[in-house]
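Subject: Structure for your review

Dear colleague,

Please find the structure below, together with its sequence.

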Amino acid sequence: MPAPKRNKEDKRKTVASFDIRYTRYIDKDGQVVGVLPDVAKDPDALISLYRAMVLNRVFDQKAIALQRTGNLGTYASSLGQEAVFVAVGAVMKQQDVLVPYYREYGAQLLRGVTMTELLLYWGGDERGMDYAGPREDLPICVPIASQIPQAAGVALAMKYRREPRVAVTMFGDGATSKGDFYESANAAGAWNLPLVFVVNNNQWAISVSVAEQTHCKTLAQKAIAAGFPGEQVDGNDIIAVFDRFSAAMEKARNGGGPTLIEAITYRLSDHTTADDASRYRGDEDLSANWENEPLKRLRQYLIGMECWDQRREEQLRKSCELEVEQAIHAYLDTPPAAPESMFEYLYANLPAALTSQREDLSRRLKDRCQS
Amino acid sequence: MPELTLIEAVNKALAFALAADDNVVILGEDVGVNGGVFRATVGLQERFGAERVLDTPLAETLIAGVAVGMASQGLRPVAEIQFMGFIYSAVDQILNHASRLRNRTRGRLSCPMVLRAPYGGGIHAPEHHSESYEAMFAHIPGLRVVIPSSPAQAYGLLLASINDPDPVVFLEPKRIYRLVKQEVGDNGDTLPLDTCYTLREGSDVTLVSWGAMLHETQQAAEQVANDGISAEVIDVATLKPLDMHTILDSVSKTGRCVIVHEAARTAGFGAEIAAQLSEHGLLSLLAPVKRVAGYDTVMPLYRLEEYYMPGVDQITAAVREVLEFG
Ligand SMILES: Cc1ncc(C[n+]2csc(CCOP(=O)(O)OP(=O)(O)O)c2C)c(N)n1
Ligand SMILES: [Mg+2]
C-alpha cells in the first residue's frame with residue numbers, strides 16, 4: 001500500500017506562544033540598570049514620589065503603635081510595598097476609579113482619601129469609607145478578590161458611557177487563586193475593558209508562600225490565559241512600576257484594553273497586627289528582603305542624582321510625622337457615630353418593617369443615659 | 001389591554017425600563033440573541049443593542065460583581081442568573097457587597113441593581129433546577145427580596161425593583177411562567193414593594209403564600225368555600241422587608257393562619273411569619289399557626305417531584321385542621 005500523502009500542515013506546530021517581560025531600572029543599591037524613562041530624570045517628580053512613600057511608611061508605623069496601645073483595631077501594614085502603592089496613586093487621574101483591597105494606603109492617600117478616614121475604618125467606624133476626596137472609588141475590600149469583578153463592572157460602566165476613564169484594581173498574590181480573579185480577567189479580555197489589574201505579589205498570603213499558592217512561574221501569565229498582556233515589574237523599583245503602570249493606563253484609556261501588572265515585592269511586616277510571621281518564615285528571608293526595600297532604593301538613587309541629603313531626609317521625616325500626628329489627633333477626637341446610624345444607611349429609606357427595631361435601640365440608649 | 005403570561009410581562013417590564021432610562025443595562029448568560037433560556041429578554045438586544053443587553057461569559061460571580069460595580073457608578077443593571085441553582089457563587093457579591101455598600105460608605109455609594117432568577121420546582125427540570133432558597137436571601141440585611149405571583153404582579157413589581165434605589169433579588173416562579181394569561185397594561189405603572197397583597201378576602205382563616213404556590217393556595221380557598229369556609233389569601237410578594245401589618249390585620253380578623261411554601265420547612269420563610277405571629281398576634285390566634293411546606297429533603301429528581309411539592313389537598317387539610325382546633 002502506498003504511504004498516505006503528507007500535507008505540510010499536518011505536522012505538529014506551535015499555534016501560539018507568549019513571553020512575560022520583567023522590568024527594573026534601578027537595582028537595590030540605587031544603580032541604574034536600564035535605559036531610564038523620563039520620570040527617572042525629573043527630580044521634583046521623584047521627590048514627591050519619595051515623600052508619598054515615606055508618608056505611607058510613617059503612617060504605618062504610627063497606626064501599628066496605635067493598635068498596640070489599644071487605640072485601633074486590627075491593622076494591615078504596607079511595609080515594603082510602598083513603591084507599588086504610591087506609583088499607582090500617582091499615575092491614576094482623578095477621574096479614574098480605584099477598586100482597592102486593604103493595604104494600599106499609598107495609593108489611596110494620593111487619590112485624596114485621608115489618613116483620618118483610614119484610621120476611622122480600622123478603628124471600627126464606617127465613616128472611614130465615606131471618602132471626602134475620591135467619591136467614586138470603592139472602599140477597602142476584605143473578602144479576598146471579591147472587588148475584582150466589581151472593578152470589571154466599574155470599567156464596563158466607563159466603557160458604556162464612552163468616558164476616557166480607567167478602573168484600577170489591586171490585590172495580592174493569594175487573590176490570583178480565586179475564581180473571582182479568573183472570571184474577571186476573562187471578562188476584561190472578552191470585553192476589552194479599560195481596566196488595569198495590579199497584583200502586589202508580596203510573596204505571602206498570610207502564611208502561604210507563592211510556591212504553595214500556585215505552580216505558575218509568574219502570576220502575570222494568568223493574564224495571557226485571559227487573552228491580554230501580563231508583565232512583571234520589580235515592585236521595589238518605583239521607577240519601573242511608574243513606567244509600566246503608566247503605559248498600561250494609557251493603553252486602557254485609549255481603548256487598548258486591559259493589562260495585568262505583577263509587581264514583585266516582599267511583605268516586610270506581619271500579615272496584620274493579628275499575625276505573627278515568625279511562626280512561618282525565617283529571619284534570614286526577612287533580612288535578605290530588607291536589602292531590597294523600596295524607600296532605600298529611591299533614596300540612594302536621589303542621592304546619586306545629587307538632589308537628596310541627610311538634612312532633607314530629616315526634614316521630610318519630620319513633616320510626615322507631623323502630618324500623621326495631626327490625622328491621629330483628628331481620628332482620636334472624632335466622637336463615635338450615633339448608634340442609630342446603623343439603621344440610617346441600610347436602605348435609601350428605612351422600611352416600616354425596621355422602624356420598631358430602630359426605636360428599640362433608641363429606647364436602650366435612653367435607658368442607658370438614665371441609669 | 002393585552003393578555004400576557006408572566007414571562008411576557010417580565011419581558012415587557014424590561015423593555016419599558018430600557019426605553020425609559022439609559023442607565024438600565026441587562027446582562028446575563030444567553031440574554032442577548034437567544035433572548036434568555038426562558039425568553040425573558042427576547043427581542044431586547046435587537047431593539048436596544050448589544051451594549052444594553054449584554055451576553056456575559058459563563059461566570060455567576062462575575063455577573064453579580066459586575067452588576068455591583070456598575071451600580072456603584074450609578075447605572076441600573078438588571079442581571080439574570082439563568083437558574084437559581086447557579087446563584088450561589090453570586091451570593092458572596094450580594095451578601096458581602098450589594099446589600100452593604102450604602103451602609104459601608106455612609107450613603108456615598110449605593111447599589112441599585114436587580115438580580116433576577118427563575119426558581120422553584122414543578123416543570124420536570126434537570127437536577128439543580130428546581131429548588132427554592134428564597135429564605136436564604138430574606139435573611140440578608142439591606143436587601144429586598146421580591147417574588148411575583150401573576151403576570152400583573154411581575155410587571156409592576158419588576159419595574160418597581162428596577163427603580164428601587166437599593167439591591168433587589170427578584171425571584172421568578174418558573175412553574176407559572178406560562179400558566180395563565182392576564183391583562184397587563186404596558187404603561188410603566190409600578191406596584192409598591194414593602195407591602196403584601198390581599199388576593200381574596202375572607203373571615204375564617206388567613207392563607208399566606210408567595211410565588212407559584214399561590215396558585216394552589218387560591219384553589220384551596222376556592223374548594224373550602226364550597227364547604228362554607230371563608231379564606232383570606234395573602235400574597236406576600238416582598239419577603240424582605242416584610243409587611244407584617246397586612247398579615248397581622250388579617251389574622252386579627254380570622255384568628256387562624258396557614259402558611260404555604262414550596263421551600264423546605266425548617267428555617268423556611270414561613271418560620272419567620274409564624275414567629276412574628278406569635279410575637280405580635282398571639283392574642284388574636286384561635287389555633288396554632290400551621291405550615292404547609294416542602295419536606296426537609298433534598299429536592300428529588302422529577303419523577304418524585306410531585307410528592308415533594310405541597311398540593312391543594314394538603315392546604316385544604318391544614319385549613320380544616322386549624323378550623324377544628326379547640
Ligand atoms: C475570601 C477570603 N478568604 C480568606 C480570607 C482571610 N484572609 C485575609 S487576607 C488573606 C491572605 C491574602 O493574601 P494576598 O491575596 O496575597 O494579599 P496580601 O494580604 O498578602 O497582601 C486571607 C487568607 C479573606 N479575607 N477572604
Ligand atoms: Mg500576598
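A residue is called buried when its relative accessible area is under 20%, exposed when it is over 50%, and partly exposed in between. Please also bear in mind that this is a predicted model.

By this cut-off, B:Glu262 and B:Arg175 are both buried. The two residues form a salt bridge, with their closest N and O atoms 3.8 Å apart. B:Glu262 belongs to strand β13 (residues 257-264) of chain B, whereas B:Arg175 sits in the loop between β7 and β8 (182-183), so this pair ties together parts that are 87 residues apart in sequence.

A second pair in chain B consists of B:Asp166 and B:Arg102, whose salt bridge has its closest N and O atoms 2.8 Å apart. Because B:Asp166 lies in the loop between α7 (151-163) and β7 of chain B and B:Arg102 in helix α5 (residues 101-104), the pair links parts that are 64 residues apart in sequence. Both B:Asp166 and B:Arg102 are buried.

Over all chains, 33 salt bridges were found in the whole structure. One of them is in chain A, where the side chains of A:Arg51 and A:Glu323 meet at 3.0 Å, N to O. A:Arg51 is in helix α1 (residues 43-68) of chain A and A:Glu323 in helix α12 (residues 310-332) of chain A, so parts 272 residues apart in sequence are tied together. A:Arg51 counts as partly exposed because its relative accessibility is 27%; A:Glu323, at 30%, is also partly exposed.

Chain B also contains an open sheet of seven strands with mixed pairing, in the order β3-β2-β4-β5-β7-β6-β12. Its edge strands are β3 (53-55) and β12 (238-240), each of which pairs on one side only. On average, and ignoring direction, neighbouring strands of this sheet are turned by 20° against each other. Within chain B, strands β2 (residues 24-28) and β4 (residues 76-80) run parallel and are joined by five bridges. In β4(B), B:Val78 stands opposite B:Ile26. Helix α1 (residues 6-20) of chain B lies across β2, β3, β4, β5 (114-119) and β7 (168-173) of chain B, at about 135° to β2(B).

Finally, B:Tyr88, B:Tyr133 and B:Met136 make a nonpolar surface patch of about 270 Å². B:Met136 is placed in helix α6 (residues 134-138) of chain B and, with 37% relative accessibility, counts as partly exposed.

Yours sincerely

Conventions. Residues numbered from 1 in each chain as written. Chains lettered and ligands numbered in written order. Predicted model: local features only at pLDDT ≥ 70, side-chain atom pairs only at ≥ 80, totals over all residues. Heavy atoms only, no water. Patch = residues over 30% accessible without salt bridge, like charges linked within 9 Å, V, L, I, M, F, W, Y side chains within 5 Å. Areas by Shrake-Rupley, 256 points an atom, 1.4 Å probe, with all protein chains shown as cover. Salt bridge = Lys/Arg side-chain N within 4 Å of Asp/Glu carboxyl O. Helix = DSSP H or I, 4+ residues; strand = E, 2+ residues; numbered from the N terminus. Buried < 20%, exposed > 50% of the residue type's maximum accessible area, 1.4 Å probe, protein only. Pairing = 2+ DSSP bridges. Axes fitted to C-alpha atoms, helices over the stretch in contact; angles between N-to-C directions. Contact = heavy atoms within 4.5 Å.
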